[in-house]
Amino acid sequence: MGPHSTPDLPTEAAPLSLPTVAVVGLGTMGTGIAEVLTRAGREVIGIDTDETAARHAVAALEAATARAVRRERITERERQDALARFRTFTDLQAAADADLVIEVVPEDYDLKRRVFAELDAVVRPDAILATGTNALSVTRLAADSQRPERVLGVHFFNPAPAMKLVEVVSSVLTAPTAVAAVTQLARDLGKDPIAVGDRPGFVADGLLFGYLNQAAAMYESKYATREDIDAAMRLGCGLPMGPLALLDLIGVDTARTVLEAMYAESQDRLHAPAPILGQLAEAGLTGRKAGRGFYTYEAPGSGTVVPDAESPAPADALGTGRTVAAVGVAGSGTMASGIAEVFAKAGFKVVLAARSAEKAEQAKARIAKSLGRSVDKGRMTAEARDAALDAITPAASLDAFGDVDLAVEAVAEDLAVKQELFRTLDKVCKPGAVLATTTSSLPVVACARATSRPQDVIGMHFFNPAPAMKLVEVVRTVLTADDVHATVRAVCTKVRKHPVDCGDRAGFIVNALLFPYLNNAIKMVEQHYATLDDIDAAMKLGGGYPMGPFELLDVVGLDVSLAIEKVLHAEFRDPGLAPAPLLEHLVAAGCLGRKTGRGFREYARR
């Protein structure tokens with residue numbers, strides 16, 4: 001060494017290496033984590049007091065690596081090396097050589113505390129202890145430990161081999177070197193780690209479980225069937241699973257535990273577990289693992305749903321509807337032209353009425369362009385395009401709706417405007433015509449009462465873009481006739497959409513579940529708990545969402561989002577639904593999202 005050189009010292013920039021990892025608890029999650037570690041070259045000590053669980057873990061690793069060989073992702077030699085790196089034990093003493101211990105025993109604080117107390121007496125002084133909890137206090141576990149600075153949370157998502165997100169949770173007591181070491185390990189495993197503070201649910205589950213809880217409460221209130229709630233969120237939001245099916249997969253008892261912990265901290269009624277969760281959990285109907293939860297399964301542990309007493313009746317049980325051959329669509333915007341395209345492609349005669357002949361022709365030209373793109377992509381023939389266009393008649397006023405069997409309005413979300421339009425439809429449409437509104441947030445019955453035939457009025461909430469989105473929320477008022485409901489369900493099927501039934505209340509299914517989740521994401525940022533980027537990444541990687549909440553808010557429009565939040569808050573009067581102040585401030589500043597070039601993020605002007 002020269003006179004000015006210094007010895008090499010470990011720094012935070014060079015995290016500790018963690019070559020040997022002990023996993024305590026070899027259930028589904030522990031086994032998945034062990035597989036990830038083993039296949040990434042780590043020596044893994046699997047510990048479970050139940051020898052059967054240990055055997056199952058070995059068998060699962062053997063099966064998973066055999067699949068990987070068959071798919072040519074690894075060689076047989078690599079498989080044998082991975083299997084050799086996984087050893088199982090029934091005694092915590094086996095963790096003595098571990099650089100990192102990850103505890104994934106059941107979500108019971110006393111059990112976890114006992115595990116940590118035993119580990120304190122076994123592991124090396126420099127070993128890091130991590131809890132896999134997603135609901136219990138990491139800080140409390142650390143404070144009860146003999147080495148609080150070396151305790152943190154590492155929250156993998158199920159199934160651990162497939163899910164990219166890992167939340168690295170530090171308490172106020174955690175040493176930065178421990179956080180850096182575990183964060184680097186997550187990256188070495190091919191995961192995307194995000195650093196979060198210690199609060200129940202962290203980021204992904206903190207947002208996810210509030211949404212799941214509201215879905216359970218919606219089902220419990222008999223507002224919509226379990227099948228319709230799940231279909232609405234899959235088809236309306238592009239989610240991989242509906243909320244009730246997801247609760248069954250997670251475990252109803254686990255969800256209740258997480259929500260109890262979240263409510264204890266937030267005192268937010270949206271986190272107070274829906275009573276149905278407690279009823280199912282107490283009855284042992286905890287979801288897939290029990291063979292029954294919100295749904296009934298072929299066998300415990302099976303993912304195959306079988307019919308039960310709540311399964312929906314066949315579609316023909318709804319009764320006979322009215323005949324629909326001609327459809328009128330009122331409006332000239334994106335939604336109106338999209339709906340007109342959907343009906344024309346399905347073989348209906350369509351009258352597209354706007355405020356002027358010029359606007360109606362422009363709307364038809366927009367449809368021609370859309371159909372042309374479908375032809376270019378090979379989704380339809382030129383003949384089918386021409387037939388669809390020939391089926392559309394542009395009109396300069398609603399007077400052209402005299403012969404339509406179904407009139408669908410798709411004008412601005414303004415109740416006075418819609419009511420005036422329905423008064424006109426009442427005058428021009430023939431007796432027996434079904435009158436539908438596409439409103440997403442206004443009361444359908446208020447449109448119905450503007451007519452002399454409220455029994456003929458119903459909601460048909462299409463999603464944007466209408467040609468691509470499969471979902472239609474069919475909204476009955478207390479006055480809607482049965483045959484009108486049956487008519488619209490049949491029409492939805494004919495235009496190849498999936499109808500879901502719901503009552504006439506704010507938000508229907510999708511917006512009533514989606515927007516409180518978006519609002520809670522904004523509150524997380526307001527509270528400086530996590531960044532926009534981390535929250536978006538958490539929901540895409542940990543929840544399987546096609547877009548993060550802030551990406552989605554900027555696409556929907558912050559003004560539109562705020563309006564929906566206000567409607568929900570006014571209807572349900574729940575303080576937790578009050579729009580986040582940050583959303584109101586951005587709207588007041590004219591930052592409305594992509595359409596203005598700035599919302600939660602900034603965008604290049606087109």
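Author: In this predicted model, Arg67, Arg70, Arg71 and Arg73 form a positive surface patch. Of these residues, Arg67 belongs to helix H2 (residues 51-70).

Reader: Why is Arg67 called partly exposed?

Author: The relative accessible area of Arg67 is 37%. Buried requires under 20% and exposed over 50%, with partly exposed in between; Arg67 is therefore partly exposed.

Reader: How many aromatic pairs does a search of the whole structure find, and what makes the pair of Tyr219 and Phe294 edge-to-face?

Author: The search finds five aromatic pairs. For Tyr219 and Phe294, the ring centres are 5.5 Å apart and the planes stand at 80°. Pairing requires centres within 6.5 Å, and edge-to-face requires planes over 60 degrees apart, so this pair is edge-to-face. Tyr219 lies in helix H7 (residues 204-220) and Phe294 in the loop between helix H11 (275-282) and strand S9 (296-297), 75 residues apart.

Reader: How do you know whether Tyr219 is buried or exposed?

Author: Its relative accessible area is 14%, and the cut-off for buried is under 20%; Tyr219 is therefore buried. Phe294, at 3%, is buried as well.

Reader: What makes the pair of Phe343 and Phe462 edge-to-face?

Author: Their ring centres are 6.2 Å apart and their planes are at 70°. Since edge-to-face means over 60 degrees, the label applies to this pair. Phe343 is in helix H12 (residues 334-345) and Phe462 in strand S16 (residues 457-462), so the pair ties together parts 119 residues apart in sequence. Ring pairs also link Phe343, Phe348 and Phe462 into a cluster.

Terms used:
Residues are numbered from 1 along each chain as its sequence is written. This is a predicted model: local features need pLDDT of at least 70, side-chain atom pairs count only at pLDDT 80 or more; totals for chains, interfaces and linings use all residues. Side-chain values use heavy atoms; hydrogens and water are left out. Patches are made of residues with over 30% relative accessible area and no salt bridge: like charges are joined within 9 Å, nonpolar side chains (Val, Leu, Ile, Met, Phe, Trp, Tyr) within 5 Å. Accessible areas come from the Shrake-Rupley method with a 1.4 Å probe; for residues, only the protein chains shown count as cover. A salt bridge is a side-chain nitrogen of Lys or Arg within 4 Å of a carboxyl oxygen of Asp or Glu. Lys and Arg count as positive and Asp and Glu as negative; His and the chain ends are not counted. The place of a charge is taken as NZ of Lys, CZ of Arg, CG of Asp or CD of Glu. Helices (H or I, at least four residues) and strands (E, at least two) are DSSP runs, numbered from the N terminus. Buried means under 20% relative accessible area, exposed over 50%, partly exposed in between (1.4 Å probe, protein chains only). Rings of Phe, Tyr and Trp (its six-membered ring) pair if their centres lie within 6.5 Å; planes under 30 degrees apart count as stacked, over 60 as edge-to-face and the rest as tilted.
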